[in-house]
Amino acid sequence: MRVSYGEIGPQRPVVEPDLEPSWLDDGWVALARRWVEEAVEAGLPEPNAMVLGTVDADGHPCTRTVLCKGFDADGVQFFTNYDSDKGRQLAATPYASVTFTWMPLAHQLTVRGPVEKTSENTTTEYWNSRPRGSRLGAWASNQSRPIDTRADLEAQLVDAGRRFGVDGDIPLPPHWGGFRIRPESVEFWQGRPNRMHNRIRTRFVDGAWTVERLQP
């Protein structure tokens, strides 16, 4: 069965006014933070989840969901295994797009731009904030590589636990770290009935940010 936005609708009535270019008078970060905070307050699952788009060696698009671990005027950050598919793809083509989708609020945010690795200090600080199990998992998994069974994967986690001990320090793996997407284009989408959605895009052009409304 085909359904439209108007049939699905947000999980709560749309009560906010129509999105306007003036909402970006203070820059894109302020509005992005507000939308994330609203998603958190609404109790949405994984409000910092975003779909990351890259391209493979054949120029074909690849997408997956990752967790945003911070953003500011310098860009959007996430962390991963540099030897994973996305890590190798970004090394070869350092440009990406990420989209946050908060459908119950009728909000969507897309950020596009060149990608760079985060600094060692930034990566280390985040690594040290991760739960012990997550740090062990980063050592245990050869991300994106084939493995025969789930039991084999769990055995690798057990081996990692033995390697570092119950209370031993778990250092930052040399193959693990962060990426930052430096925004060239940021688009805010606000759902409206009859597919007459509001889209406002800001782009960094010739050293300045421009703002424009797009047709849905």
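**From one leucine to the core**

Leucine 31 sits in helix H2, residues 28-41, where helices (H or I, at least four residues) and strands (E, at least two) are DSSP runs, numbered from the N terminus. Please keep in mind that this is a predicted model, in which local features need pLDDT of at least 70, side-chain atom pairs count only at pLDDT 80 or more, and totals for chains, interfaces and linings use all residues. Residues are numbered from 1 along each chain as its sequence is written, and side-chain values use heavy atoms, with hydrogens and water left out.

Leucine 31 counts as buried because its relative accessibility is 3%, buried meaning under 20% relative accessible area, exposed over 50% and partly exposed in between, with a 1.4 Å probe and protein chains only. Leaving aside residues up to four places away in sequence, leucine 31 touches Leu19, Trp23, Leu24 and Phe188, a contact being heavy atoms within 4.5 Å. Its C-alpha atom is separated by 10.0 Å from that of leucine 109, which is 78 residues apart along the chain.

Phenylalanine 188, with the same exclusion of residues up to four places away, touches a list that includes Leu31, Trp35, Leu109 and Ile200.

Which residues touch the most other members of the largest nonpolar core? Of its 33 residues, they are Trp28, Trp102 and Phe188, a nonpolar core being a set of buried Ala, Val, Leu, Ile, Met, Phe, Trp, Tyr and Cys residues joined through side-chain atoms within 4.5 Å. The largest share of this core, seven residues, comes from H2.
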